[in-house]
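Good morning. Please have the sequence and the model open while I talk.

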Amino acid sequence: MASLWAMVWAVLPPRLEDFNLEFNRMEEGSLVFLLRQTVELLYEGRDLAECLQLSQTIIDFSWEKLNTGTWREVDKEWRRVYSHGCLLKAVCLCKEETAVREAIKTCDMGLLMGAAILDNILLKLIKVLQSHDAAGKRPLEDAASPQGSSRKRPTVALPLTPEIRSGTAVPRERCPSLEHFRAQYLIPQKPVILEGIVDHWPAVRDRKWSVEYIRDIAGCRTVPVELGARYTDDEWTQTLMTVGEFIDKYIVDQAQPGPVGYLAQHQLFEQIPELRQDIDIPDYCCLGDGDEDEITINAWFGPMGTVSPLHQDPQHNFLTQVVGRKYIRLYSPAQTAKLHPHPTQLLHNTSQVDVERPDLASFPEFGSAVYQECILGPGEVLFIPVQHWHYVRALNTSFSVSFWWA
Ligand SMILES: O=C(O)CCC(=O)C(=O)O
């Protein structure tokens with residue numbers, strides 16, 4: 001096998017001149033100058049220690065810019081500078097074969113916070129580093145045990161599997177034709193569970209997803225994780241950790257709900273193409289008006305007891321269950337007044353009511369709101385029409401993929 005250093009250089013542009021360092025609208029010219037100097041140092045192979053130090057300076061400086069003002073206001077060029085800093089740092093780290101994990105983490109930070117550069121070079125570099133890092137496929141030795149987690153919070157057990165009454169059950173269809181789905185469900189905006197439509201996915205067939213499979217593919221990748229039982233709680237927060245750490249701390253099959261962390265991610269499949277290859281956009285999305293590249297694919301990976309509070313979204317959704325089962329409650333937009341949306345602009349799409357333990361003294365109308373419900377199992381796809389309120393609770397360790405489309 002070629003040395004790591006040789007494999008890394010096979011990913012980099014062959015010559016210094018091929019390294020595109022053109023930036024528009026950058027008032028901080030000196031940082032671009034520093035970036036050029038760092039790239040030169042790397043290509044001339046003069047002083048890697050200095051190169052590493054300079055790349056850290058570039059990261060620190062551009063990080064400040066990324067964290068000033070709102071995310072939307074951040075100039076994309078700063079995100080490109082940040083990604084370049086991450087690339088250079090990761091490359092320098094690879095000279096020491098012991099720092100491969102840190103190099104992968106650095107690339108992930110560039111992917112998460114930066115912008116695509118040099119034909120997605122950070123993704124290519126991660127692929128090389130992961131193939132080199134056999135240790136990346138093992139659980140992290142220093143990960144805290146679930147019992148030791150300081151984030152453990154007492155949770156009140158809910159009925160493990162609610163009984164679904166026939167009057168409220170979401171209907172089911174096995175591989176309906178496009179026309180049937182359009183006429184019966186899409187046009188009248190009615191929820192339905194589609195069975196059999198993802199049976200060809202590698203994620204449910206030959207590369208069947210499981211916690212260990214996810215750890216194998218993505219254990220050493222750094223991702224954003226939500227901490228807290230539900231995003232409406234005051235203590236709810238977000239952090240970055242590796243998928244391996246997340247699994248060790250939060251994904252435990254246990255009799256009672258434990259500490260809750262949720263890998264709920266809009267970018268996961270862009271960041272980890274190996275997982276994207278295991279799934280497919282449902283054919284029914286072609287009935288929408290939007291292009292395929294406008295479809296958002298989300299990952300929802302969490303332990304038993306993870307709850308998404310009752311909320312609505314501005315697009316249709318195919319919520320697809322890959323691992324485990326989820327209890328889901330649906331209310332049509334016509335019920336909105338009975339669901340008591342939060343009054344603030346930020347949370348106006350979220351109900352104040354705790355669906356399975358409603359405070360009917362504070363929210364009396366909720367008791368008469370009409371709903372449908374289901375338990376979604378592996379290989380099943382729930383069509384949630386646009387603006388339909390949905391509440392979701394994982395009944396065991398669960399991985400779902402949702403497709404937002406219009
Ligand atoms: O599965 C979940 O926890 C939430 C899914 C969801 O809200 C969505 O796909 O829009």
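The sheet is open and has four strands, ordered β7-β12-β9-β10, and the pairing is antiparallel. The edge strands are β7, residues 307–311, and β10, residues 372–376; each of them pairs on one side only. From one strand to the next, the twist averages 15°. That angle is taken between axes, which are lines fitted to C-alpha atoms, on a scale from 0 to 180 degrees between N-to-C directions.

A word on terms. A strand here is a DSSP run of E with at least two residues, a helix is a run of H or I with at least four, and both are numbered from the N terminus. Two strands count as paired if DSSP finds at least two bridges between them.

This is a predicted model, where local features need pLDDT of at least 70, side-chain atom pairs count only at pLDDT 80 or more, and totals for chains, interfaces and linings use all residues. Residues are numbered from 1 along each chain as its sequence is written, and side-chain values use heavy atoms, leaving out hydrogens and water.

How many bridges join β7 to β12? Three, and the two strands run antiparallel, with β12 covering residues 389–394. H311 stands opposite H390 in β12.

Now the loops. Which residue sits between β11 (380–384) and β12? That is Q387, and its phi is positive, about 65°, although Q387 is not a glycine. Q387 is partly exposed, at 31% relative accessible area; partly exposed lies between buried, under 20%, and exposed, over 50%, using a 1.4 Å probe and protein chains only.

C175 also is not a glycine and has a positive phi, about 40°. C175 lies in the loop between β1 (172–174) and α7 (178–186), and is partly exposed, with a relative accessible area of 44%.
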